[in-house]
Amino acid sequence: MTKLATCAEAVASIPAGASVALSGFATARCAMAFAHEAIRQGIKGLTVSQCVAGIDADILVGAGAVDRIVYGGGSRGRSGQHACLRRSIEDGTLATEEFSSLSTTFRYLAGSLGLPFIPIRSLRGSDILKGLQELDPSPVATVNDPFTGNEWLVLKPLTPDVAVVQVQVADEDGNAWILGPRWDNEEQAKASARTIVFTERLVSTEAIRRAPERTVIPGFRVSHVVHLPFSAHPTSVYKVYDFDAGHIKLYADASKTPEGFQEYLDEYVYGVKNHWGYLELLGGLEYLSSLAADPVLGY
Amino acid sequence: MGLGLPVIATFLAKRTHAPNITIMFELGVIDSEPIKVGVDGLSDPRIWYRAKIHTSFADMLGSVLHKGLVDVGFLGGLEIDPYGNLNTTLLGDPKGKFRRFTGSGGGNDVASNAKRTVVIIRHEARKLNKAVSFMTSPGYLRGNGERERMGLRGGPSRVITDKAVFGFDPVSKRMRLESIHPNATIDDVLSNMNFEPIMPDELPVTAPPTAEQVRLIREEIDPEGMYAG
């Protein structure tokens, strides 16, 4: 069955107020075409979850699409803090459920396995835990291990309405390969009620069948497949293209102030009709070709 | 491990006295051999190059770290207190006005689950503080066995600054000066921190890096000087 959809159709399937797991990690495999289209469609009230914040979360937060973020922290790396996230947390306009990378992963893992809760050794004694205990309802509790009697911290499962996962290769049913490290993507997709796949390459199901060991996201969990080249730009997609350091710097500088960020949105998001318009604005194929990955290096 | 000086130090160890260590990055990269380590961040595919395994958080931080297989975790931070409690989240008043930084990432997980951790931090009074604004990653909490009672594994064994090396008193778990670097004086060390470390009876000078170690860092590991200036 074909699940091929346009980016606009896939985004339109997500109602206001939905909980969305995003596949980005700092400047790698961020769901950027998804984020831009969600901003153009004016989606509001999202709860976004991510182990380590990516630019996809940052731009959605900056555009006012997100009410709550469930995450393990994160920055862009050497190019600095996610400025929109930082601003919204500092001024209190973004509700934050702050965890660590592993505790966020364990919450997805519990969700993917259908478990009622999951014990973890992390977080104990920290101010992160205090913050989570103050939430109402709290996503953390303690139980006694029935075998040893030891007390354990336990986490509530995280089961988003939809996971939006940026991949290298998928077929039209949504069977998808993720090349390179997968961080929390597999658990995100399996914990969520459904998954939207954004793929750089669309291949036949026969091609998937010839290397089934590579399939990380099973098609039966997928509702939409969006085939869109460079849909993670300016972030990297391992073995397909490198991150665009120049554009990330442009975004980093612009997002330092609300005014600069608005100008960025006006030019690169609202100023274009869709992702193809964005790619043309960047400089089209001539510009994008310079980002193509070397097959040995992967970047 | 996190990015920056911990990466330089770990790749140096691998090239010198510890060729058999397994280097792991939280997002799911094991034993990579990057052409250069002065990279943009953990998400920069340059640091994933020639890895033996590309995997996931659940595998890396779960079945390796949480299970208890990580011998040494390497961490950096904004602030550290006398008990090795680390802040990477915010500076200021968490309930009032504050400046937000990165948060935990895998930092809390490494601090809670590794057999021991080593912290690298710049030697400045605002970083070596009586108390941290926000405790992202636990050290020995308030000392005297509180960490063990909390069910946490390991704990910080060394804090390395650009002026000195610190350890921890085996009982009180307060930070203890272990050695000072050849370029620093005791006054230099103590006047640039906001608490008094335990002073040993004898204070050795930190062994300086060998010419070969310096050459490896400057010419091979971080030739562009992105981390090691």
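## Chain B: burial and overall form

Of the 229 residues in chain B, 56% count as buried, a class defined as under 20% relative accessible area, with exposed meaning over 50% and partly exposed in between (1.4 Å probe, protein chains only). The structure is a predicted model, in which local features need pLDDT of at least 70, side-chain atom pairs count only at pLDDT 80 or more, and totals for chains, interfaces and linings use all residues. Residues are numbered from 1 along each chain as its sequence is written.

Chain B contains six helices and twelve strands; helices (H or I, at least four residues) and strands (E, at least two) are DSSP runs numbered from the N terminus. Its radius of gyration is 18 Å, close to the 17 Å of the globule rule for 229 residues, so chain B is as compact as a globular protein of that length. The radius is taken over C-alpha atoms, and the rule is 2.2 Å times the number of residues to the power 0.38. Along the principal axes, the C-alpha atoms of chain B fill a box of roughly 45 × 40 × 35 Å.

## Chain A: a negative surface patch

Glu259(A), Glu263(A), Asp266(A) and Glu267(A) form a negative surface patch (residues with over 30% relative accessible area and no salt bridge, like charges being joined within 9 Å). A salt bridge requires a side-chain nitrogen of Lys or Arg within 4 Å of a carboxyl oxygen of Asp or Glu. Glu263(A) belongs to helix 10 (residues 258-269) of chain A and is exposed, with a relative accessible area of 56%.

## Chain A: Gly131

Gly131(A) lies in helix 6 (residues 127-133) of chain A and counts as partly exposed at 33% relative accessibility. Its C-alpha atom is separated by 25 Å from that of Ser112(A), 19 residues apart along the chain.

Notes:
Chains are lettered from A and ligands numbered from 1 in the order in which they are written. Side-chain values use heavy atoms; hydrogens and water are left out. Patches are made of residues with over 30% relative accessible area and no salt bridge: like charges are joined within 9 Å, nonpolar side chains (Val, Leu, Ile, Met, Phe, Trp, Tyr) within 5 Å. Accessible areas come from the Shrake-Rupley method with a 1.4 Å probe; for residues, only the protein chains shown count as cover. Lys and Arg count as positive and Asp and Glu as negative; His and the chain ends are not counted. The place of a charge is taken as NZ of Lys, CZ of Arg, CG of Asp or CD of Glu.
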